[in-house]
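Open the model in your viewer and keep the sequence panel beside it. This tour goes stop by stop: select, look, move on.

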Amino acid sequence: MKFLLITLLSVFSLKVLAQDAPVKWATQETFFEDLAGKPLPPFEGLTVDKKPFSNADLKNQVTVINFWFEKCPPCIAEMPELNKLVTKYGKNGVRFIGITHDAPASAKRFQKRSGYQYEIVSLSKDEIRRLNINHGFPSNVLVGKDGKIIYATANISFTDPQFKAKSVLFEEKLKTALSF
(Lines give C-alpha, C1' and ligand atoms only; values in the text may rest on other atoms or scores of the structure.)
Protein backbone atom coordinates (compact mmCIF):
# COMPACT_ATOMS: atom_id res chain seq x y z
CA MET A 1 0.00 0.00 0.00
CA LYS A 2 2.87 2.36 0.89
CA PHE A 3 4.48 1.65 -2.49
CA LEU A 4 1.25 2.48 -4.32
CA LEU A 5 0.83 5.72 -2.40
CA ILE A 6 4.44 6.78 -3.05
CA THR A 7 4.05 5.96 -6.76
CA LEU A 8 0.85 8.00 -7.04
CA LEU A 9 2.39 10.96 -5.24
CA SER A 10 5.45 10.79 -7.50
CA VAL A 11 3.33 10.79 -10.65
CA PHE A 12 1.24 13.75 -9.50
CA SER A 13 4.30 15.72 -8.34
CA LEU A 14 5.87 15.29 -11.79
CA LYS A 15 2.87 17.05 -13.28
CA VAL A 16 3.42 19.98 -10.91
CA LEU A 17 7.14 20.15 -11.73
CA ALA A 18 6.65 19.87 -15.50
CA GLN A 19 7.55 22.90 -17.61
CA ASP A 20 4.80 24.90 -19.19
CA ALA A 21 7.18 26.24 -21.87
CA PRO A 22 6.70 24.78 -25.35
CA VAL A 23 9.14 22.13 -26.43
CA LYS A 24 11.60 23.21 -29.13
CA TRP A 25 11.95 20.16 -31.34
CA ALA A 26 15.25 19.68 -33.15
CA THR A 27 14.68 20.25 -36.85
CA GLN A 28 16.84 21.50 -39.67
CA GLU A 29 15.42 24.99 -39.06
CA THR A 30 16.14 24.99 -35.32
CA PHE A 31 19.61 23.58 -35.98
CA PHE A 32 20.36 26.49 -38.33
CA GLU A 33 18.77 29.05 -35.96
CA ASP A 34 21.00 27.85 -33.12
CA LEU A 35 24.14 28.51 -35.20
CA ALA A 36 23.59 32.28 -35.33
CA GLY A 37 26.18 34.11 -33.25
CA LYS A 38 28.49 31.12 -32.87
CA PRO A 39 32.05 31.29 -34.19
CA LEU A 40 32.95 29.44 -37.36
CA PRO A 41 34.70 26.30 -36.10
CA PRO A 42 38.32 25.78 -37.11
CA PHE A 43 38.98 23.58 -40.13
CA GLU A 44 41.80 22.68 -42.49
CA GLY A 45 41.41 21.31 -45.98
CA LEU A 46 42.84 21.39 -49.48
CA THR A 47 41.82 23.54 -52.42
CA VAL A 48 41.23 21.96 -55.83
CA ASP A 49 44.88 22.84 -56.54
CA LYS A 50 45.87 20.87 -53.41
CA LYS A 51 46.94 23.96 -51.48
CA PRO A 52 46.23 24.12 -47.74
CA PHE A 53 43.20 26.15 -46.74
CA SER A 54 41.78 26.88 -43.28
CA ASN A 55 39.22 29.06 -41.59
CA ALA A 56 42.09 31.45 -40.76
CA ASP A 57 42.17 32.32 -44.50
CA LEU A 58 38.70 33.87 -44.05
CA LYS A 59 39.70 36.32 -41.32
CA ASN A 60 38.02 39.75 -41.57
CA GLN A 61 35.96 38.75 -44.59
CA VAL A 62 32.25 38.28 -45.14
CA THR A 63 32.06 34.68 -46.33
CA VAL A 64 29.38 32.47 -47.84
CA ILE A 65 30.09 28.76 -47.33
CA ASN A 66 28.20 26.19 -49.38
CA PHE A 67 28.35 22.54 -48.33
CA TRP A 68 27.90 20.30 -51.36
CA PHE A 69 29.18 17.18 -53.07
CA GLU A 70 29.34 16.02 -56.66
CA LYS A 71 26.61 13.37 -56.54
CA CYS A 72 24.05 15.57 -54.75
CA PRO A 73 21.23 16.61 -57.15
CA PRO A 74 19.91 19.44 -54.90
CA CYS A 75 23.48 20.76 -54.54
CA ILE A 76 23.91 20.88 -58.30
CA ALA A 77 20.45 22.37 -58.81
CA GLU A 78 21.25 25.39 -56.60
CA MET A 79 24.63 26.15 -58.18
CA PRO A 80 23.29 28.56 -60.85
CA GLU A 81 21.65 30.59 -58.04
CA LEU A 82 24.89 30.51 -56.06
CA ASN A 83 26.85 31.65 -59.11
CA LYS A 84 24.48 34.64 -59.39
CA LEU A 85 25.39 35.58 -55.81
CA VAL A 86 29.09 35.42 -56.74
CA THR A 87 28.48 37.69 -59.73
CA LYS A 88 26.45 40.12 -57.64
CA TYR A 89 28.55 40.26 -54.44
CA GLY A 90 31.99 38.87 -55.25
CA LYS A 91 33.16 42.27 -56.48
CA ASN A 92 32.11 43.72 -53.08
CA GLY A 93 34.64 41.59 -51.22
CA VAL A 94 32.44 38.64 -50.27
CA ARG A 95 34.37 35.35 -50.24
CA PHE A 96 32.51 32.33 -51.62
CA ILE A 97 33.74 28.91 -50.46
CA GLY A 98 32.34 25.52 -51.41
CA ILE A 99 33.18 22.78 -48.94
CA THR A 100 32.94 19.22 -50.22
CA HIS A 101 34.04 15.76 -49.17
CA ASP A 102 34.97 15.01 -52.79
CA ALA A 103 38.72 14.69 -53.43
CA PRO A 104 40.41 17.86 -54.73
CA ALA A 105 41.08 16.41 -58.21
CA SER A 106 37.49 15.21 -58.59
CA ALA A 107 36.12 18.56 -57.34
CA LYS A 108 38.34 20.39 -59.82
CA ARG A 109 37.01 18.30 -62.73
CA PHE A 110 33.46 18.90 -61.53
CA GLN A 111 34.08 22.63 -61.27
CA LYS A 112 35.38 22.80 -64.84
CA ARG A 113 32.40 20.80 -66.15
CA SER A 114 29.71 22.63 -64.20
CA GLY A 115 30.99 26.20 -64.09
CA TYR A 116 30.57 26.38 -60.31
CA GLN A 117 32.26 29.69 -59.38
CA TYR A 118 32.95 29.17 -55.67
CA GLU A 119 36.46 28.46 -54.40
CA ILE A 120 36.38 24.79 -53.47
CA VAL A 121 37.88 23.26 -50.34
CA SER A 122 37.94 19.51 -49.76
CA LEU A 123 37.54 18.09 -46.26
CA SER A 124 36.93 14.50 -45.23
CA LYS A 125 33.40 13.46 -44.28
CA ASP A 126 34.54 13.20 -40.66
CA GLU A 127 36.01 16.73 -40.73
CA ILE A 128 32.73 18.09 -42.12
CA ARG A 129 30.81 16.20 -39.44
CA ARG A 130 33.07 17.61 -36.70
CA LEU A 131 32.40 21.16 -37.90
CA ASN A 132 28.76 20.54 -37.00
CA ILE A 133 27.48 23.54 -38.97
CA ASN A 134 25.80 21.85 -41.91
CA HIS A 135 22.60 19.90 -41.55
CA GLY A 136 22.53 17.88 -44.72
CA PHE A 137 23.49 18.81 -48.23
CA PRO A 138 23.27 21.43 -49.50
CA SER A 139 23.72 23.81 -46.61
CA ASN A 140 24.68 27.46 -46.85
CA VAL A 141 26.31 29.43 -44.04
CA LEU A 142 26.89 33.19 -43.94
CA VAL A 143 29.84 34.25 -41.78
CA GLY A 144 30.58 37.83 -40.76
CA LYS A 145 33.93 39.64 -40.71
CA ASP A 146 34.14 38.81 -37.00
CA GLY A 147 34.19 35.08 -37.80
CA LYS A 148 30.73 34.47 -36.34
CA ILE A 149 27.89 32.77 -38.14
CA ILE A 150 25.18 35.23 -39.13
CA TYR A 151 22.68 32.94 -40.84
CA ALA A 152 22.41 29.42 -42.21
CA THR A 153 19.89 27.71 -44.45
CA ALA A 154 19.52 24.70 -46.68
CA ASN A 155 18.88 25.19 -50.39
CA ILE A 156 19.26 28.59 -52.04
CA SER A 157 16.62 29.28 -54.67
CA PHE A 158 14.98 32.57 -55.58
CA THR A 159 12.49 30.84 -57.87
CA ASP A 160 11.36 27.74 -55.93
CA PRO A 161 8.55 28.82 -53.55
CA GLN A 162 9.72 26.27 -50.98
CA PHE A 163 13.08 28.04 -50.55
CA LYS A 164 12.50 31.58 -51.82
CA ALA A 165 11.71 33.32 -48.51
CA LYS A 166 14.79 31.93 -46.77
CA SER A 167 16.94 32.70 -49.80
CA VAL A 168 15.74 36.30 -49.81
CA LEU A 169 16.47 36.52 -46.07
CA PHE A 170 19.94 35.03 -46.69
CA GLU A 171 20.64 37.74 -49.27
CA GLU A 172 19.30 40.50 -46.98
CA LYS A 173 21.60 39.35 -44.20
CA LEU A 174 24.47 39.25 -46.69
CA LYS A 175 23.78 42.88 -47.69
CA THR A 176 23.64 43.90 -44.02
CA ALA A 177 26.95 42.15 -43.29
CA LEU A 178 28.58 44.13 -46.10
CA SER A 179 27.47 47.42 -44.60
CA PHE A 180 29.47 46.89 -41.40
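In what order do the elements of the protein run from the N terminus on? They run α-α-β-β-β-α-β-α-β-α-β-β-α. That gives six helices and seven strands. Both kinds of element are DSSP runs, numbered from the N terminus: helices are H or I with at least four residues, strands are E with at least two.

Two notes on reading the model. Residues are numbered from 1 along each chain as its sequence is written, and the model is predicted, so local features need pLDDT of at least 70, side-chain atom pairs count only at pLDDT 80 or more, and totals for chains, interfaces and linings use all residues. Side-chain values use heavy atoms, with hydrogens and water left out.

**Whole chain**

Show the surface. The accessible surface of the protein comes to about 10800 Å², and 61% of it belongs to carbon and sulfur atoms. These areas come from the Shrake-Rupley method with a 1.4 Å probe; for residues, only the protein chains shown count as cover. Of the 180 residues, 42% are buried. Buried means under 20% relative accessible area, exposed means over 50%, and partly exposed is in between (1.4 Å probe, protein chains only). Now think about contacts, meaning heavy atoms within 4.5 Å. Among contacts with a separation of 6 or more, 66% are between residues 24 or more positions apart.

**The sheet**

Switch to cartoon. Seven strands form an open sheet with mixed pairing, in the order 2-1-5-4-3-6-7. Two strands pair if DSSP finds at least two bridges between them. Strands of a sheet pair through backbone hydrogen bonds, either parallel or antiparallel. Find the edges: strand 2 (52-54) and strand 7 (149-153) each pair on one side only. From one strand to the next, the twist averages 30°.

Select residues 44-47, which are strand 1. Strand 1 pairs with strand 2 in the antiparallel sense over three bridges. Pick Leu46: its bridge partner in strand 2 is Pro52.

Next, select strand 3 and strand 4 (residues 95-100). The two run parallel and are joined by five bridges. Asn66 has Gly98 in strand 4 as its bridge partner.

Is strand 3 enclosed or open? Five of its five residues are buried, so strand 3 is largely enclosed by the rest of the structure. In a regular strand the side chains alternate between the two faces of the sheet. Here Thr63, Ile65 and Phe67 point one way, and Val64 and Asn66 point the other way.

**Helix 6**

Select residues 161-178. This is helix 6, which lies across strand 3 (63-67), strand 6 (139-143) and strand 7. Helix 6 runs at about 160° to strand 7. Axes are lines fitted to C-alpha atoms, for helices over the stretch in contact, and angles run from 0 to 180 degrees between N-to-C directions.

Step back to Ser157, in the loop between strand 7 and helix 6. Ser157 counts as buried at 9% relative accessibility. Its side chain reaches the backbone nitrogen of Asp160 at 3.0 Å. A polar atom of the Ser157 side chain also lies 3.3 Å from the backbone nitrogen of Thr159. Leaving aside residues up to four places away in sequence, Ser157 touches Glu81, Phe163, Lys164 and Ser167.

**The aromatic cluster**

Select Trp68, Phe96, Phe110, Tyr116 and Tyr118. Ring pairs link these residues into a cluster. Rings of Phe, Tyr and Trp (its six-membered ring) pair if their centres lie within 6.5 Å; planes under 30 degrees apart count as stacked, over 60 as edge-to-face and the rest as tilted. The count comes to seven aromatic pairs. Trp68 and Tyr116 are edge-to-face, 5.4 Å centre to centre with 70° between the planes. Trp68 is in the loop between strand 3 and helix 3 (73-89), and Tyr116 in the loop between helix 4 (104-114) and strand 5 (119-122), so the pair ties together parts that are 48 residues apart in sequence. Tyr116 and Tyr118 are stacked, at 5.0 Å centre to centre and 15° between the planes. Tyr116 is buried at 2% relative accessible area, and Tyr118 is buried at 1%.

**Last stop: Asp126**

Which helix holds Asp126? Select helix 5 (residues 125-131) to find Asp126. Asp126 is partly exposed, with a relative accessible area of 42%. Its side chain joins that of Arg129 in a polar contact of 2.5 Å. A polar contact is a pair of N or O atoms within 3.5 Å; within protein, one must be able to donate a hydrogen and the other to accept it, and residues adjacent in sequence count only if both atoms are side-chain atoms. Finish on His101: Asp126 and His101 are 25 residues apart in sequence and 8.9 Å apart in space, C-alpha to C-alpha.
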